[in-house]
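Let's take a look at how this structure is put together. Have it open beside you as you read.

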Protein chains: 2
Amino acid sequence: REETVSEQKVYRGNIITVSKVFVTLPNGKQASRDIVTHPGAAVVIPVNEEGEVFMVRQFRKPLEKTLLELPAGKLDPGEDPRDCALRELYEETGLKCKELRYLTRIYSTPGFCNEVLYIYMATGLELGDAHTDDDEFLTREKHHISKLMEMVLDGTISDAKTIVGIMLAARHLGL
Amino acid sequence: REETVSEQKVYRGNIITVSKVFVTLPNGKQASRDIVTHPGAAVVIPVNEEGEVFMVRQFRKPLEKTLLELPAGKLDPGEDPRDCALRELYEETGLKCKELRYLTRIYSTPGFCNEVLYIYMATGLELGDAHTDDDEFLTREKHHISKLMEMVLDGTISDAKTIVGIMLAARHLGL
């Protein structure tokens, strides 16, 4: 364990907060840790009866790249991850679902950030209209889960949460 | 795409740097993005001939939790990810390897951070002494890859890079 000696907020952004935390190490020495605080997020694998998954392609400014990802979004304050999953699924793809199955929760980058991602598989899909956020621009794509597994293995899909979601869903679907 | 209008460094930490970037959205509106810059990292799945994987358990301050993870560490400036993988493998587990196979590279959290993780599988292992960094306290554990897959599926393993590495290695090993 590392005990907190003091903590200094160094930046408060729209979504993340950054702190410099001074700690005592197990050997009694002092060290500092830069910690990014994130509200957490929900991720959805929406699979139809043909085994096709609805995905979103969006520009990611930190990478200056467009990535193919599972629908996902951050938790509103106090929001249940399950409600967040349903909300983001609808906002990003226009889909509603009859069943939402919890698969797991993962930590994206525990070395410097507390972000936790709750991963769900959505089935019994019904298509409506997509309602994206004002500053969110994305295109929708549909790929068979077998094709997505290939894209994971050949490196075409590179987003960590998406890889975890696709590989877990493939196992659950018996692939 | 989102074009950068201006960029403001808001924090320079030991490992990460945080910037507030003002962008023009595809609809012409302005927005700001908080971006964490990270040097990137290498991750290793060290597997012996019995199918056992060498892991590390370490305290993660952002979560106030101890996690079971694959050996990994951040890139030194200008360091080849392959060299980083070999270095971190030795520093964290005391292992050297005869073969290091590149599996893929993943983005841990592309919404707000540019961190990229290069994932390798190490075989032909030889055990020496572990040499951890001064402020890194970890314990070593060895688990069979089948057991680790169970721990991924039941949520015992929750670190994203570790889940991706274990699942990819399991496929490569024909599990």
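What follows is a quick tour of the chains and their aromatic rings.

## Two chains, one axis

Keep in mind that this is a predicted model.

How do the two copies meet? Through the same surface, because 100% of the interface residues of chain A are also interface residues in chain B.

Searching the whole structure turns up two aromatic pairs over all chains. One of them joins Tyr102(A) and Tyr120(A), edge-to-face, at 5.7 Å centre to centre and with 65 degrees between the planes. Since Tyr102(A) belongs to strand S8 (residues 95–107) of chain A and Tyr120(A) to strand S9 (residues 116–127) of chain A, the pair ties together parts that are 18 residues apart in sequence. Tyr102(A) is partly exposed, at 41% relative accessibility, whereas Tyr120(A) is buried, at 5%.

Over in chain B, the ring centres of Tyr102(B) and Tyr120(B) are 5.7 Å apart with planes at 65 degrees, so this pair is edge-to-face. Here Tyr102(B) sits in strand S8 and Tyr120(B) in strand S9 of chain B. Tyr102(B) counts as partly exposed at 42% relative accessibility, and Tyr120(B) is buried at 4% relative accessible area.

## Lysines over rings

Lys96(A) lies over the face of Tyr90(A), 5.0 Å from the ring centre. In chain B, Lys96(B) lies over the face of Tyr90(B), at 5.0 Å from the ring centre.

Notes:
Residues are numbered from 1 along each chain as its sequence is written. Chains are lettered from A and ligands numbered from 1 in the order in which they are written. This is a predicted model: local features need pLDDT of at least 70, side-chain atom pairs count only at pLDDT 80 or more; totals for chains, interfaces and linings use all residues. Side-chain values use heavy atoms; hydrogens and water are left out. Contact means heavy atoms within 4.5 Å. Rings of Phe, Tyr and Trp (its six-membered ring) pair if their centres lie within 6.5 Å; planes under 30 degrees apart count as stacked, over 60 as edge-to-face and the rest as tilted. Helices (H or I, at least four residues) and strands (E, at least two) are DSSP runs, numbered from the N terminus. Buried means under 20% relative accessible area, exposed over 50%, partly exposed in between (1.4 Å probe, protein chains only). A charge sits over a ring if NZ of Lys or CZ of Arg is within 6 Å of the ring centre and within 35 degrees of the ring normal.
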